[in-house]
Amino acid sequence: MSGWRALGYNVMPVSADREAAVDTDINHWGTLMLQDLQPLPVDPILGLAAACRADPNPNKVDLTVGIYMDDRGICPVFEAVKQAQRALETEEVTKAYLPAAGDENFNLGIQRLTLGEASAALAEDRVSSIQTPGGCGALRIGAEIVHAAAPGARVWLSDPTWPVHIPLLGSVGLEFQAYRYYDSETHGVNFDGMVQDLKKAVVGDIVLLQACCHNPCGADLSLSQWAVIADMAEQQGFTPFVDFAYQGFGEGLEQDAAGLRLLVARLPEVIIAASCSKNLGLYRERTGATIFVCRDPANARAVMSQAQAAARRIYSMPPAHGALLAGRILTNDYLGGIWRAELEVMCQRINGLRSTLREALEVRCGGDYSFIEREKGMFSFLGLSAGQAQRLRQDYGVYMLDSSRINVAGVNTRNIDYLADSVSKVL
Ligand code: LMR
């Protein structure tokens, strides 16, 4: 037990008194441990998706969870993934655990994809990464490392942010502070408000940013705005923690990474939570990585050992299947080429849908919906009240979050008119 004590855990040996107390106290079923636990409210995103699945309305429209759906309303398996899967089936010789850091090929591939082939930080060997169970696992491991480095760290969150950021980072014990981000009047980023608020971020604080395709609002920073954030981080000493869940769904793989890469080029430390759920369609395979850009190679190794220990105490080893597929695709020119072309089609489809949806809403509802076209990625707010979003669900079977966040990829040629009609009726 002394080994655990050295790591900060206190495991008490059983005393003779305690054994005696347990022996005599055998009639204790009046005080069961679990019996008083009460059900919690359903998850605001997954709960609505489940409600939509259960809705018998034949016209129902599911705009809830952020998954890419094609025009048939199906979340497809990438052709590149199918080919990688076939090769893996032939070549895989073991189901033994992956190392704690995950698959080496995957780590290599995801670092290059995120930071760029020409990244100076990569060339300087001051980057480390750990394969995680999806982007959520990546956020959680990042939070664990922040907490280990600075237990009192404050995390600055955009208002609004993806609701799951709060339990994922908060359950580690980090405190939050909101910064202004989305302006519902202009449907764009309130950059002046953001800068004013972030002026209060100090050394030891974390600023959580989304690299592209902001969830939930779809409004992204411009490159010059990223440069201002880099200046502020440099001057004030806060550390950016960048959630990168939608690379390739905004403007393209390289363009979507530009803001993040600018931070990495300018700052000694950046933490990144990368996900392959969306851009490789590996949602259920839970494939992601926490990437640490550190001051020097020795520090990158030290952070990595902390990350592996954090993984060990939460889930031990990451799942293999998705990362083995992603690793193959990201490090193979042939499969990588097929994948990039497929992703490009998805990105263009979403951008096309944004224009079609704008037009359909403007025709049926009047008003200016051009913001839908300006925003990026899967999400936009339609600008409806919670009451209107609830009426859409109840009266028309159109499911979006109460905030009126829609998954644009859930719109298709069959449901777009019904959707626009339904919105016009609740306005
Ligand atoms: C979403 O925001 O809908 C997605 O990121 C899926 C999720 O886990 O909530």
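Which elements cover the buried residues of helix α3? Among them are β1 (61–62), α16 (386–396) and β12 (398–399). The buried residues of α3 (residues 46–54) are Gly47, Leu48, Ala49 and Cys52, where buried means under 20% relative accessible area, exposed over 50% and partly exposed in between (1.4 Å probe, protein chains only).

## Basis of the description

This is a predicted model, in which local features need pLDDT of at least 70, side-chain atom pairs count only at pLDDT 80 or more, and totals for chains, interfaces and linings use all residues. Residues are numbered from 1 along each chain as its sequence is written, and side-chain values use heavy atoms, with hydrogens and water left out.

Helices (H or I, at least four residues) and strands (E, at least two) are DSSP runs, numbered from the N terminus.

## The seven-stranded sheet

Seven strands form an open sheet with mixed pairing, in the order β2-β10-β9-β8-β7-β3-β4. Two strands pair if DSSP finds at least two bridges between them. The edges are held by β2 (127–132) and β4 (175–180), each with a single partner strand, so one side of each is left without a neighbour in the sheet. On average, neighbouring strands of this sheet are turned by 25 degrees against each other, direction ignored. For such angles, axes are lines fitted to C-alpha atoms, for helices over the stretch in contact, and angles run from 0 to 180 degrees between N-to-C directions.

Strands β9 (residues 270–275) and β10 (residues 288–293) run antiparallel and are joined by six bridges. Ala274 has Ala289 in β10 as its bridge partner. By contrast, β7 and β8 run parallel, with five bridges between them, and Val207 stands opposite Pro240 in β8.

Strand β8 (residues 239–244) has six of its six residues buried, so it is largely enclosed by the rest of the structure. Both of its faces are covered: Thr239, Phe241 and Asp243 are buried on one side, and Pro240, Val242 and Phe244 on the other.

## Helix α9 against the sheet

Helix α9 (residues 191–198) packs on the sheet and touches β3 (154–159), β4 and β7 (206–210). Its direction makes about 145 degrees with that of β4. Contact here means heavy atoms within 4.5 Å.

Six of the eight residues of α9 are buried, so the helix is largely enclosed by the rest of the structure. These buried residues are Phe191, Gly193, Met194, Val195, Asp197 and Leu198. They pack against β3, β4, β6 (188–189), β7 and α10 (223–236).

## Trp226 in helix α10

Helix α10 contains Trp226, which is buried, with a relative accessible area of 3%. Leaving aside neighbours within four places in sequence, Trp226 is in contact with Leu209, Gln210, Ala211, Leu221, Gly259, Leu262 and Leu263. Trp226 and Ala211 are 15 residues apart in sequence, and their C-alpha atoms are 9.5 Å apart in space.

## Surroundings of the ligand

The ligand is surrounded by Ile45, Val65, Gly66, Trp162, Asn215, Tyr246, Lys278 and Arg405; a residue is near a molecule if one of its heavy atoms lies within 4 Å of it. A polar side-chain atom of Trp162 lies 2.8 Å from a ligand oxygen atom, and one of Lys278 lies 3.4 Å from a ligand oxygen atom. For Arg405, an N or O atom in the side chain is 2.8 Å from an oxygen atom of the ligand. Taken alone the ligand exposes 260 Å², of which the protein buries 83%. Accessible areas come from the Shrake-Rupley method with a 1.4 Å probe.

## Backbone features in the loops

Most residues other than glycine have a negative phi, and most peptide bonds are trans. The peptide bond from Asp159 to Pro160 is cis, with omega near 5 degrees, and Pro160 lies in the loop between β3 and α8 (165–170). The bond from Asn215 to Pro216 is also cis, with omega near 20 degrees.

Pro216 lies in the loop between β7 and α10, and Cys213 has its place in the loop between β7 and α10. Phi of Cys213 is positive, near 55 degrees, and this residue counts as buried at 0% relative accessibility. His187, in the loop between β5 (182–183) and β6, has a positive phi near 60 degrees. His187 is buried, with a relative accessible area of 18%.

Conventions:
A polar contact is a pair of N or O atoms within 3.5 Å; within protein, one must be able to donate a hydrogen and the other to accept it, and residues adjacent in sequence count only if both atoms are side-chain atoms.
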